[in-house]
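Here is a short report on one protein model. Keep the sequence and the 3D view at hand as you read.

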Amino acid sequence: TEDIGEADIVMTVKNYYRRRPKLISDAERRNTPIYVLRANTLQQMENCLADIFDLTPEEADPYSQAMQEAQQAIQHVLSGTRSVDLAPQNAFVRRQQHEMIRDSNLVSHSYGKEPARRVRVYRE
């Protein structure tokens with residue numbers, strides 16, 4: 001937001017925070033929580049938000065969660081389950097899941113329409 005009065009938190013980088021601009025001073029006066037990052041990287045921001053919302057790394061990273069789900073489905077099918085449907089994912093994630101499944105010598109197909117398109121894992 002442009003207005004510090006509407007902000008729930010302020011997230012900034014260390015160099016900006018050290019200069020003590022008016023925005024930081026205003027946030028401190030309003031007792032708005034200020035989170036200072038070492039660098040302006042996506043990883044730093046994700047980790048900070050995960051801490052703020054008390055998320056585990058798996059919850060914070062949907063890609064890893066989707067790939068872990070695919071790995072579990074592979075194990076179920078290899079253990080005898082006829083087929084397993086995965087949660088809907090975007091095209092990039094589905095492509096990665098198909099590749100992982102193919103590397104495990106199993107078969108997969110995508111079913112459904114966007115945005116509910118999902119991968120099904122099964123034996124040949």
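## A pair in helix 2

Arg-29 and Asp-26 both sit in helix 2, 3 residues apart, about one turn of the helix. Helices (H or I, at least four residues) and strands (E, at least two) are DSSP runs, numbered from the N terminus. The side chains of Arg-29 and Asp-26 meet in a salt bridge, at 2.2 Å from N to O. A salt bridge is a side-chain nitrogen of Lys or Arg within 4 Å of a carboxyl oxygen of Asp or Glu. Side chains of opposite charge can pair when their charged atoms come close.

This is a predicted model: local features need pLDDT of at least 70, side-chain atom pairs count only at pLDDT 80 or more, and totals for chains, interfaces and linings use all residues. Residues are numbered from 1 along each chain as its sequence is written, and side-chain values use heavy atoms, with hydrogens and water left out.

Asp-26 has another partner. It forms a salt bridge with Lys-22, where the closest N and O atoms are 2.8 Å apart. Lys-22 and Asp-26 are 4 residues apart in helix 2 (residues 22-29), so about one helical turn separates them. An α-helix has 3.6 residues a turn, so residues three or four places apart point the same way. Together, Lys-22, Asp-26 and Arg-29 are linked in a network of salt bridges.

Which of these residues are buried, and which are exposed? Buried means under 20% relative accessible area, exposed over 50%, and partly exposed in between (1.4 Å probe, protein chains only). Asp-26 has 13% relative accessibility, so it counts as buried. Lys-22 is exposed, at 61%. Arg-29 is exposed too, at 60%.

Ile-24, Asp-26 and Ala-27 are the buried residues of helix 2. They cover an arc of only 160 degrees around the axis, so they lie on the same side of helix 2. The arc is that of the directions from the helix axis to the C-beta atoms. On the other side of helix 2, Lys-22 and Arg-29 are exposed.

What do the buried residues of helix 2 pack against? They pack against strand 1 (10-13), helix 1 (14-18) and strand 2 (34-37). After helix 2 comes Asn-31, with a positive phi near 60 degrees.

The structure holds 5 salt bridges. One of them joins the side chains of Arg-120 and Asp-85, at 2.6 Å from N to O. This pair links distant parts of the chain: Arg-120 is in strand 5 and Asp-85 in strand 3 (residues 83-85), 35 residues apart. Arg-120 is partly exposed, with a relative accessible area of 27%. Asp-85 is also partly exposed, at 36%.

## The nonpolar cores

A nonpolar core is a set of buried Ala, Val, Leu, Ile, Met, Phe, Trp, Tyr and Cys residues joined through side-chain atoms within 4.5 Å. The largest one has 10 residues, including Ala-70, Ile-74, Leu-86 and Val-121. Helix 5 (62-78) and strand 5 (118-122) each supply at least two residues of this core. Helix 5 gives the largest share, 4 residues. Apart from this core lies another, of 5 residues, among them Ile-4, Ala-7, Val-10 and Ala-27.

What does Ile-74 touch, leaving aside its neighbours within four places in sequence? It is in contact (heavy atoms within 4.5 Å) with Met-100, Ile-101, Ser-104 and Leu-106.
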